[in-house]
Amino acid sequence: MQARKRSLCIFRPGRLASTLLALVCLLPTISIAESKLEQITLQLKWKHQYQFAGYYMALEKGFYKEAGLDVIIRPHTGKKSPAETMLAGEADFAVTGSDVVIHRTKGAPVVALGAIFQHSAYGFLVRADSGITSVKDFIGRRVMMGTGSQDAALQATLKRAGIRPSDFTQLPSSFDVNSLLRGETDVFNAYVTDQRYRMEQAGVQGRHILPINYGVDFYGDILATTENEIRQHPERTQRFLQASLKGWEYALAHQDEAIDTILKKYNTQNMSYRHLVYEAHTTRELIQPLLIAIGHMNPARWEQIRSTLEELGFVDAGSSIEGLIYKSKPPVNPWVRWIADHGISLGIGTLVVYILILLLLLLKVHRQYRDRTAELAESEKQLRGAQEYANIGHWILRKDFCVDYWSDQVYRILGLDPSIQPSHEVIKGLLSEEDFIEFQQSLSNSMNTGEEHWIEYLVHRPDGIERWVECRGRPTIGPDGKPEKITGFVQDITERKQAEKELRTERDFAENLINLAQVIVLVLDTEGKIERFNPYMEEVSGYSLDEVKGKDWFSIFVPTSMQKVTRDLFQLAITNINTKGNINKIITKDGNQRDIEWYDKTITDAAGKTIGLLAIGQDITQRIQAEKEQQRLQSDLQRIQKMEAIGQLTGGVAHDFNNLLGIIIGNLDILKHEVIGNGPAMRHCESALRAALRGSDLTKRLLTFSSDSPQEATPHNINYLISDILNMIERSLTASIKVETKLEDELWLTTVNAGELEDSLINLTINARDAMPYGGQLNIETTNTTLDQENIRDLPELKAGEYVELIVRDNGSGIPEDILERIYEPFFTTKPQGQGTGLGLSMVHGFIQKVNGHIDITSEPGKGTAVRILLPRSTTAEQAAAKLAHATSTSKNETILVVDDEYDLALSTKVSLNRLGYKVLTANNATEALRLLQNNQNIDLMFSDVIMSGGMNGFDLAKEAKRQYPNLKILLASGFTQDKDHELFEEYGKGMLAKPYRSNEMTAKIRELLDRR
């Protein structure tokens, strides 16, 4: 007995109670474990994928088994909807959509257990390069979308946006995203969880347009059952729901394990690991586990869904969804059922146990009260320390607005003496009148409405220090349901206010810099949509920010041909790859293009995630234009230098060629005198002479390439010039242009530079060719015309008299009136870059002015252009020609010295002069000529070439000979000379003979000089 008593004394009642409670709690587990698992079927709404990962993990991790369930997970076969399969008794539970509302309003006993997806995974999918950024862009497009309840959210989206069925072409859904890739549709009804991934794997960027952005927010993936299931198996329904939610919690917390499980056991669609990762990420965003408990449902939101379906006509007006939302009841545990079966036999024992437990609880409550009191004291001490450290004080205000309590920290923050009794009057003395009124109004509103009291104000402390204070409070509701007091805190926020002020100052400074900067400041989001740009961009582009904000940058501002390249550069920049210094064009509002040099920088949030792109752009349009103009001028300079080089080469060749022609012409003139009376021989001479003269004419044309050509304006019958270059003109035109000439037979002579006239004519015919790209008619006409005072009344630059008229006429596109006024401006051209310098007509105009002529251009768009040129008649030239024809060229016993380094030319000249009775001496160079002059004092005239070998040219020889023999007559001849700056050029250069020359020209010139006194 003694030992037993000691045993009772050392036995602790708490341990007995714990043992009994453990046995009681163990009973249900033993009961469930010993019972047979109940088999049920879960019908999925689609094929196996991460969308149903929670159910897979509930099965694989044994959560269903722990709940006494053997669950068969069946994928969708496509024959019936999940809800229809469940209502037909083929499944106990189903994963369906918000169409459960339609079934419920039509009397079907369907019940929603929980909303797994807080937002529907169903939306629209378009190509990112399609230009479609909102449902407004669906107008006139092809849209894949069903007409049934499954697509109700999409239909509601269009209706909310004001898009009518007649605004687009509706196509039946193929459920295959390749329809979008193949161009079979413009808009695809898609699940955001995976179909965009399939699209981007094919190399095409996609864009979602979601119903939630238009105020249509349906639940997605509803876990549902029937009223019959709940009624017959209430505990099983509750166990299944809790195990499923536990499976989802596990799947979201162990994403990689869930994906591996799907790949091993449920991958009937052959999805890749990356695909499942993408789906897992999007699924988590739809479930939102960090914000909302998995499976949560809001009755008001269900009613909103019903209202939306009513708008679309899927449910009747005023229909009810009463009973749709599952109301869980605590399940009856197996041990309760066991107790009921053995209630009488256990009643007494249970009563004893409860009494023992009650005693133990009383002891425990006493002990906990003591410990809790100590803990509260310690907590209050720690709270005071924390409030002091954080500079926070707390307060209590009664409903009569009397201050019930201030903590010590409130006194410190407000700078008050702790002996002062807290009151409203004290607060009033610390605040400005305006702040105190706002303070009272906030407290009154909080006490009347139960809303939070929150205000910031500036405290003027008694010690003269000003501090910013934040005051917050929340009402405490009394038994009558009305606020009875407000409990809150007050905190010194002076440092924060100062930091905010400094931040505002820096922000305002940065904003001013952006607004005043003469560079483009542009901010785009990660999809390339415009978030903001500065006033300078508005000035450059012509768009205001409000016009384009939220729209795609590339489709508005980037030329179509450059959009792909520019988008690729944007993608590189958004991933922080250096793309600085890129130059591309933007299109302004008025359709012009500007060249912009860009410098990019990614924008990140606090977590380091890229949220956009900052681009700084410099308008370099003028710089590029200046560079192009500089390149053009450089090209012109190089072309001029090249022409100068060609001129030098041409001049050298012309000199030698002229000497050869001079020999030929001179000898032919001699030969003609030898064969007089011999008809055939004379014809041969004349033929050879014509060929030589044509060669002479060709040499003169070559000399026009030289800027130092001695050829001046001379009398010409321009019919001959036109005929000479007609073949060249026809070759420069297209075969579809017909050229006709109408040249007056007895055309007067006019004094012009032949090369300049030919260049002008070629310029005019080329302009006519460009005006007739598809063919046409070109007419060239010449005529004699006489102008009287009446004719020249509007032409002040002309004098009354006789003129040669040249007309170039085409039937091309014509010249608009506004352009006609500028055609003579240097460098002005309407031709594309590289196809015209704008100097052609300017040069023609300058040539006409130089010869005292006149040019007039008339044109009519679509009908053609006529260029009329007036050139003064050269009467003095005709008199000179007549005088030359009748001049007496015979000698009067004079002696002539011929100087030329071409022996044959000197010989032919000597023969021609000897025939006329002149005594002729010849020299091959200047040195020999000076020697002959010294030895023959009776030489009357020296006839010398300008360009000679031996170191002294004709000008130098003339100078020295004139110095020694002042009365000596001198005549120079040249086929080419560069020495226009020679001091004797004015005296001898302008009167020199141009090689090759005819014998009669030479002898007439010599006779003229010899007869001059």
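In which helix does Leu-362 lie? In this predicted model, Leu-362 is placed in helix α16, which covers residues 343-390. The relative accessibility of Leu-362 is 54%, so the residue counts as exposed, the cut-off for that class being over 50%.

Ser-442 is found in helix α19, formed by residues 433-449. Its relative accessibility is 16%; because buried means under 20%, Ser-442 is classed as buried. When residues up to four places away in sequence are left out of the count, Ser-442 touches His-453 and Trp-454.

The largest nonpolar core comprises 45 residues. Within this core, the residues with the most contacts are Leu-42, Tyr-50, Tyr-55, Tyr-64, Phe-240 and Trp-248. Helix α11, spanning residues 234-253, supplies the largest share of the core, namely eight residues. For Phe-240, the contacts beyond four places in sequence are with Ile-40, Leu-42, Tyr-64, Leu-69, Val-71, Phe-93 and Leu-223. Two of these partners, Leu-42 and Tyr-64, are themselves listed with the residues that have the most contacts inside the core.

How values were computed: Residues are numbered from 1 along each chain as its sequence is written. This is a predicted model: local features need pLDDT of at least 70, side-chain atom pairs count only at pLDDT 80 or more; totals for chains, interfaces and linings use all residues. Side-chain values use heavy atoms; hydrogens and water are left out. Helices (H or I, at least four residues) and strands (E, at least two) are DSSP runs, numbered from the N terminus. Buried means under 20% relative accessible area, exposed over 50%, partly exposed in between (1.4 Å probe, protein chains only). Contact means heavy atoms within 4.5 Å. A nonpolar core is a set of buried Ala, Val, Leu, Ile, Met, Phe, Trp, Tyr and Cys residues joined through side-chain atoms within 4.5 Å.
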